[in-house]
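Good morning, everyone. Please look at the screen with me. I will take the features one by one.

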Amino acid sequence: MRTCENCGAPIPDGELFCPKCGAEVHLVPDYETMESRVRENQMHEEEARAREEEKERIAREEALEKKNRRRKIRTIVIVCILAAAAIALVSAILVSRNRESSFEYQYQQAKEAYDAKNYDVALDHVEKALKLKKTDENAEYLLGLIYEGQSDDTNAITAYETLIGDHNDFEKGYDRIIPLYVKTEDYDALQTLLDNCRSSSILEKYADYRTYEPAFSVKEGSYSSAQDVKITCEGDGDIVYTTDGTDPTASSQVYQSAIRLASSGKTTIKARYISKKGIPGKVAEASYTIKINKADAPVITPASGTYSSTESMKITVDVPDGYRAYYSFDARATKNSTLYTSPVSMKEGSHIFYAVLVDANGNESDVASATYVYSQVTATPTPTQKPQSAIAVQTPSAATATPTPTPTPTAEPTPTESSGETDEEWDPGM
């Protein structure tokens, strides 16, 4: 049977074209030549080679397809992983942002850090919390505690002041800030805090820390008579005062009774309330000027002069009611001189006698003085009388009689200050 020279398919007898490839059939003799056999073998080899190449191509295509499929799967996996990571990252960012914008989260983080004494971290979180909720009493209170933990009293006080300003009845704020005011001795701020407090229970709790301003019973000014100044004040603490112009302290004189101003001159009384907790209040003061007219100088008897006598001469001082007299020799008398109680013996020789009157308030009069030149003479003894028959009585003539001395006034010298001691001290306030 003949075969197609083109595709090698068998060609039935009598066909002029190959039924498979349609190639024209050449009519050749019905016998095989060497050339045709070689050609046929070559064709079979080429067909076999083509089939192998086709198999290899198909195998390569399949391998490439598998590789591409694995690559696609790997790509899909990577994309999925990346997508999941991106989703997780976005979620984390969103969660972080949600936390950053969450007051509860920031406050809780601040509280945990404070409990762990990590004050810097706690401060950072509580400040973030307060940005989200500015007037939260717990966060404001925690801020003060954190500053105290950092030993920052100034910022702690500011934090508690803000807290109490926002929440006037927040008792724990008072419990923290009042000891800080005492510690820093900021007593004015302490009183302002309590003055502005509207909670009766808090005021009752801290009643012993409150102070008040003293008041004077006599209006300050000038007076022509003695004044008794009373000091009054609220509270159960002490009132301390001074009269020398200095501010009173806890160790100053404690007020017990009215202060008597009797001596002429200006006196400034300063008073201050000290609470039971030792908290000093504001200083109150009042100035008083007492102008009391001096009494006239006392009358001294006898007047200045020269005297001699066989008996001691006495000096008297006229003492009006309500006064006492003090005297001295040769030095100006004051209320610190010797108290006059009865006539004083005149000293022999030349001396100046001084006397001064002092009223019940210690005010002195002008000083009076008298100058005396005094000598005491010895009395002439009386002779024993004899009988008339024995002795003649002789009557002294006027020429031999001893004259009675006549007082001779002398000029008053300029007095000097007395340093004499007193026989008896008199309290002007008696």
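Start with a nonpolar surface patch of about 270 Å², made by Ile-73, Val-77 and Ile-81. Patch residues have over 30% relative accessible area and no salt bridge; like charges are joined within 9 Å, nonpolar side chains (Val, Leu, Ile, Met, Phe, Trp, Tyr) within 5 Å. A salt bridge would be a side-chain nitrogen of Lys or Arg within 4 Å of a carboxyl oxygen of Asp or Glu. Areas come from the Shrake-Rupley method with a 1.4 Å probe, and for residues only the protein chains shown count as cover.

This is a predicted model: local features need pLDDT of at least 70, side-chain atom pairs count only at pLDDT 80 or more, and totals for chains, interfaces and linings use all residues. Residues are numbered from 1 along each chain as its sequence is written, and side-chain values use heavy atoms, with hydrogens and water left out.

Back to Ile-73. Its place is helix 1, residues 34–100. Helices (H or I, at least four residues) and strands (E, at least two) are DSSP runs, numbered from the N terminus. Ile-73 has 48% relative accessibility, so it counts as partly exposed. The scale is this: buried is under 20% relative accessible area, exposed is over 50%, partly exposed is in between (1.4 Å probe, protein chains only).

Next, the aromatic rings. How many aromatic pairs does the structure hold? Eleven. One of them is Tyr-141 with Tyr-160, a tilted pair, 6.2 Å centre to centre, with 45 degrees between the planes. Tyr-141 lies in helix 4 (residues 137–149) and Tyr-160 in helix 5 (residues 153–166), so the pair ties together parts 19 residues apart in sequence. Both tyrosines, Tyr-141 and Tyr-160, are buried. The cut-offs: rings of Phe, Tyr and Trp (its six-membered ring) pair if their centres lie within 6.5 Å; planes under 30 degrees apart count as stacked, over 60 as edge-to-face, the rest as tilted. Elsewhere, Tyr-327, Phe-329, Tyr-340 and Phe-353 form one aromatic cluster.

Now strands. In strand 13, residues 305–309, the side chains alternate. Gly-305, Tyr-307 and Ser-309 point to one face and are buried. Strand 13 runs parallel to strand 19 (residues 368–376), and five bridges join them. Two strands pair if DSSP finds at least two bridges between them. Which residue of strand 19 is the bridge partner of Ser-309? Gln-376.

Thr-378 is found in the segment after strand 19. Thr-378 is exposed, with a relative accessible area of 75%. From Thr-378 to Thr-310 is 68 residues in sequence, but 5.6 Å in space, C-alpha to C-alpha.

Two backbone points follow. A cis peptide bond joins Thr-301 and Pro-302, with omega about 0 degrees. Pro-302 sits in the loop between strand 12 (300–301) and strand 13. Glu-185 has phi near 55 degrees, a positive value in a residue other than glycine. Glu-185 lies in the loop between helix 6 (171–184) and helix 7 (187–195).

Strand 7 (residues 238–242) and strand 8 pair in the antiparallel sense over two bridges. Tyr-241 stands opposite Gln-253 in strand 8.
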